[in-house]
Amino acid sequence: MEPTLEQLQYPVGKWKWPTHESVTQDQIRLAINTIAIFPADMMEAVKDLTEDQLTTPYRQDGWTIRQVVHHTADSHMNAYMRFKLALTEDNPIIRPYDQTKWAELIDSKELPEISLFILTGIHKRWVALMKNMSVSDWARPLKHPEHDRQLTFAMISQQYKWHCEHHLQHIIRLKERKGWQ
């Protein structure tokens, strides 16, 4: 049975913001672990793919595998910087960016290994930062202009856990559908 467009677009389900109070320390630890292993998981998912496979979109009108890899590097660089801002400033307003336009820029056509190296370095630093945050740090607020709510690191940790799983599954499920395993 063919997956629906929604299943292709949201392979692990649509993102829903938790409340700060609903996020447990165990969920934060799980998010940190997911973020820690994501670069290796992504490397494994794209290794040995051909140029044609890398330029295959995960769904009709979706990004190519190559663009997904570069997008995760772009997104996670921004996340890491947002963590640093909110750890060093009081309730900063973080700057959004147009993910779609970024994915269309020429650097998103480069070898995926470039962004895999970026992910590896950023995630090592990001995870070191998160592992050393206090319980009160996880409650630090930041404001994202695209979301009509006050966010905390605890909430954002869950978003990036989902983001890692979401894009990894785009690639894994495409490979399964195409028989590239």
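**Entry 1. Terms and model**

I count two residues as in contact when heavy atoms lie within 4.5 Å. I also note that the model I am reading is predicted.

**Entry 2. Helix H6**

I started with helix H6, which runs over residues 112–131. I asked whether its length fits its residue count. At 1.5 Å a residue, its 20 residues should span 28 Å. I found its end C-alpha atoms 28 Å apart, which agrees.

Next I looked up which residues of H6 are buried. I listed Pro112, Ser115, Leu116, Leu119, Ile122, His123, Trp126, Val127 and Met130. They cover an arc of only 140° around the axis, which puts them on the same side of H6. I wrote a reminder here: an α-helix has 3.6 residues a turn, so residues three or four places apart point the same way.

Then I turned to the face of H6 away from its buried side. There I found the exposed residues Phe117, Lys124 and Arg125.

What covers the buried residues of H6? I noted helix H2 (25–46), helix H3 (51–54), helix H4 (65–88) and helix H7 (153–178) among the covering elements.

**Entry 3. H2 against H6**

I took one of these neighbours, H2, and checked how it packs on H6. The angle is about 165°, and the axes are 8 Å apart. That makes H2 roughly antiparallel to H6, because angles over 145 degrees count as such. The crossing is left-handed.

I wrote down the contact residues. H2 gives Ile32, Ile35, Ala36, Phe38, Pro39, Met42, Met43 and Val46. H6 gives Leu116, Leu119, Thr120, His123, Trp126, Val127, Met130 and Lys131. I see Leu116, Leu119, His123, Trp126, Val127 and Met130 in the list of buried residues too.

**Entry 4. Helix H4**

I repeated the length check on H4. Its 24 residues should span 34 Å at 1.5 Å a residue. Its end C-alpha atoms are 35 Å apart, which agrees. I also looked up burial: 18 of the 24 residues are buried, so H4 is largely enclosed by the rest of the structure.

I picked out Tyr80, which lies in H4. Is Tyr80 buried or exposed? Its relative accessible area is 5%, so it is buried, the cut-off being under 20%. I then listed its contacts, leaving aside neighbours within four places in sequence. They are Ile122, Arg125, Trp126 and Leu129. I also read off a distance: the C-alpha atoms of Tyr80 and Val127 are separated by 9.3 Å. These two residues are 47 residues apart along the chain.

**Entry 5. H4 against H7**

I looked at H4 and H7 as a pair. Their axes come within 11 Å and cross at roughly 170°. That makes H4 roughly antiparallel to H7. On the H4 side, the contact includes Ile65, Val68, His71, Thr72, Arg82 and Phe83. On the H7 side, it includes Phe153, Tyr160, His163, Cys164, Ile171 and Leu174.

I also looked up Gln159 in H7. At 17% relative accessibility, Gln159 counts as buried. Leaving aside neighbours within four places in sequence, I found Gln159 in contact with Trp15 and Trp17.

**Entry 6. Buried residues in loops**

I moved on to loops. His144 sits between strand E1 (141–143) and strand E2 (150–152). His144 is buried, with a relative accessible area of 7%. Which residues does His144 contact, beyond neighbours within four places in sequence? I found Arg82, Ile94, Pro96 and Leu151.

Thr56 is in the loop between H3 and H4. Thr56 is buried as well, at 14%. Not counting residues up to four places away in sequence, Thr56 touches Trp63, Thr64, Ile65, Leu174, Lys178 and Trp180. I also noted Thr56 and Lys175, which are 119 residues apart along the chain. Their C-alpha atoms are separated by 10.0 Å.

**Entry 7. Positive phi**

Last, I looked up backbone angles. Most residues other than glycine have a negative phi. I found two entries to set against that.

Asp61 is not a glycine, yet its phi is positive, about 65°. Asp61 is in the loop between H3 and H4. Asp61 is exposed, with a relative accessible area of 70%.

Asn91 has a positive phi near 50°, and Asn91 is not a glycine either. I placed Asn91 in the loop between H4 and helix H5 (99–104). Asn91 is partly exposed, at 36% relative accessible area.

Note on methods
Residues numbered from 1 in each chain as written. Predicted model: local features only at pLDDT ≥ 70, side-chain atom pairs only at ≥ 80, totals over all residues. Heavy atoms only, no water. Helix = DSSP H or I, 4+ residues; strand = E, 2+ residues; numbered from the N terminus. Expected span 1.5 Å × (residues − 1). Buried < 20%, exposed > 50% of the residue type's maximum accessible area, 1.4 Å probe, protein only. Arc of directions from axis to C-beta. Axes fitted to C-alpha atoms, helices over the stretch in contact; angles between N-to-C directions. Parallel < 35°, antiparallel > 145°, perpendicular 65-115°, else oblique. Left-handed = near helix turned anticlockwise from the far one by under 90°.
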